[in-house]
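Please walk through this fold with me, one side chain at a time.

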Amino acid sequence: MVHTVSDPTSIYRSLRLSSNPYSYSQHMLSNRPICLYQPGCLKAKGECTLNKPVSISRTYPRLAVYSQENFRGLRRVYRGNLGIADVDAVLTGIESLRFFSTNPNATLVLLDRSRFRDNFYILRGNRSIRELDDILRRGDVESLIATNQRLTAAQVRRIQRTGNLPPGYRLI
């Protein structure tokens, strides 16, 4: 028996679909197993790339900032090495934050003036800060740096002096 196909989409309609969307079915014309992950895909079971295990890359550190104290209000999550030059420009001010990284040497630097100037306070490892204003004794946190690397005091002073973040850092 010979089948002719006039419409390419009729191939997909001619499939015997199983109840499991992650399985394969036999194509009626070739009796060959085909992929059901993508409509119209006629690759054989071993050739399809859609059913292969996927490796997920997570970027650390993860910085979640909140517009109110005690992790309430609006929230924004940032990932990767970054510097926030003016915290008042993000969510109309950051009042609390959570800093998470798998690296115990990950560094969070809090500075009491915008554009990474003046006094700073270095925190290492994971942190949950309920009230950001209580961390610095002399004033409010106006800028911060979050990184998955160990930043030394000399590196922070260089950032203060030049006003530029190291290569690979995002400026927000």
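The side chain of threonine 147 reaches the backbone nitrogen of glutamine 149 at 3.2 Å. It also makes a polar contact with the side chain of asparagine 81, at 3.1 Å. A polar contact is a pair of N or O atoms within 3.5 Å; within protein, one must be able to donate a hydrogen and the other to accept it, and residues adjacent in sequence count only if both atoms are side-chain atoms.

This is a predicted model: local features need pLDDT of at least 70, side-chain atom pairs count only at pLDDT 80 or more, and totals for chains, interfaces and linings use all residues. Residues are numbered from 1 along each chain as its sequence is written, and side-chain values use heavy atoms, leaving out hydrogens and water.

Threonine 147 lies in strand 10. Strands (E, at least two residues) and helices (H or I, at least four) are DSSP runs, numbered from the N terminus. Why does threonine 147 count as buried? Its relative accessibility is 0%; buried means under 20% relative accessible area (1.4 Å probe, protein chains only). Among the residues that threonine 147 touches are Pro61, Phe99 and Tyr169, with contact meaning heavy atoms within 4.5 Å.

Now the sheet. Strand 3 (residues 62-68) and strand 6 (residues 96-100) pair in the antiparallel sense over 5 bridges. Pairing needs at least two bridges found by DSSP. Valine 65 has leucine 97 of strand 6 as its bridge partner.

Last, helix 2 (residues 153-162). Its buried residues are Val156, Ile159 and Gln160. They pack against strand 7, strand 8 and strand 10. Glycine 163 follows helix 2, with a positive phi near 80°.

Definitions and conventions
Buried means under 20% relative accessible area, exposed over 50%, partly exposed in between (1.4 Å probe, protein chains only). Lists of a residue's contacts leave out its neighbours within four places in sequence.
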